[in-house]
Amino acid sequence: MFQNMKPHLKWSVPLAVIIILLVLFLLGQNPQIISATVSPEVIVKGQNQEITVTAVVKSGLIVPVKIQVVMTGRGYEGQLKTQKDYLKYYSVFKRNPKSLGYLQQAGKDSQGNRVYVGKFNIQKDAPQTVQIKLTNFGLTLTALRLAISTRSFVLPPDPGEAGKQTLEGIDSDNDDLRDDVQREIMFLAPESEKLRMALGQEAKIAQSLATQSGLTKKESDELLSKESDAGGCVYAVHPTTEQTLHINYALETKLENSVLNIPARKKLKKDNYKIAGIQFTGFPDIKRCSFNPADYLD
């Protein structure tokens, strides 16, 4: 096969095959993340604070891994003009990627998996949500969220799949918000405690509509009226301009998706909407809030 080839071509083909096999081997050694955490998950704007990133990696890897920690801002390339643009903004993290460093191996867990830990200093002037990516060979292994907020706050743990086993889900701190929804609200609006309260008011009603079956028409109407009040509260604490109109739409859409994150919840809310015989409007009015906005920070 190689008899009539020029000498440099005779070696280039098998060399290319070797390189391809080596690349495939290295990619095959990409670590499998068993679990990953960032602590704390909420830090205060403008303060120099330390976060700890921990990753548990499946053992048995031949090539030593170097897990890089990269922080990226929320947003996407392009101008924010339409509602769809803002939905992308709250879903994609691409802005200002910054390498924080590498995780160091810190032993093994009881199952023999390798544990990697890193401590990094973070200082940001503006409240926002950023993404902490763990990468290897430039490939993202997993991603975590970090909220830079106006004050410190301890979030309940992510319930994961356990929070989807029942309609009611898990509310470990008994604040009438499912833990996964409470977490989502913080990551959606770290810049405003007042806005988080308004989104929480809206989420509680959505949860009721997605968990209560056998409602009468009167009961459904009452819940829809409260949901309308909650929507009016969101727009009252976040006064409407063309920009905030799109922002509020994106926030409420993301929140709705978080509340109705399994088919049974989505179906029950839809059924309760059918029972109600009237529609309500969400006109902005601070009096429609179930809390006093003056007691909370912007």
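This is a predicted model: local features need pLDDT of at least 70, side-chain atom pairs count only at pLDDT 80 or more; totals for chains, interfaces and linings use all residues.
Residues are numbered from 1 along each chain as its sequence is written, and side-chain values use heavy atoms, with hydrogens and water left out.

Let's start with the disulfide, meaning a pair of cysteine sulfur atoms within 2.5 Å. The count comes to one: Cys233 is joined to Cys289, with 2.1 Å from S to S. This link ties together distant parts of the chain, since Cys233 sits in helix H5 (residues 217-237) while Cys289 lies in the segment after helix H7 (263-275), 56 residues apart. Helices here are DSSP runs of H or I with at least four residues, strands are runs of E with at least two, and both are numbered from the N terminus. The link of Cys233 and Cys289 is right-handed, with 100° about the S-S bond.

Are these cysteines buried or exposed? Buried means under 20% relative accessible area, exposed over 50%, and partly exposed in between, using a 1.4 Å probe and protein chains only. Cys233 has 0% relative accessibility, so it counts as buried. Cys289 comes out at 11%, so it counts as buried too.

Now for the sheet. Strands of a sheet pair through backbone hydrogen bonds, either parallel or antiparallel. Here, four strands form an open sheet in the order S1-S3-S7-S6, with antiparallel pairing. Strand S1 (33-39) and strand S6 (104-108) stand at the edges with a single partner strand each, so one side of each has no neighbour in the sheet. Two strands pair if DSSP finds at least two bridges between them; S1 and strand S3 (residues 49-57) are joined by six. Look for Thr37, whose bridge partner in S3 is Thr54.
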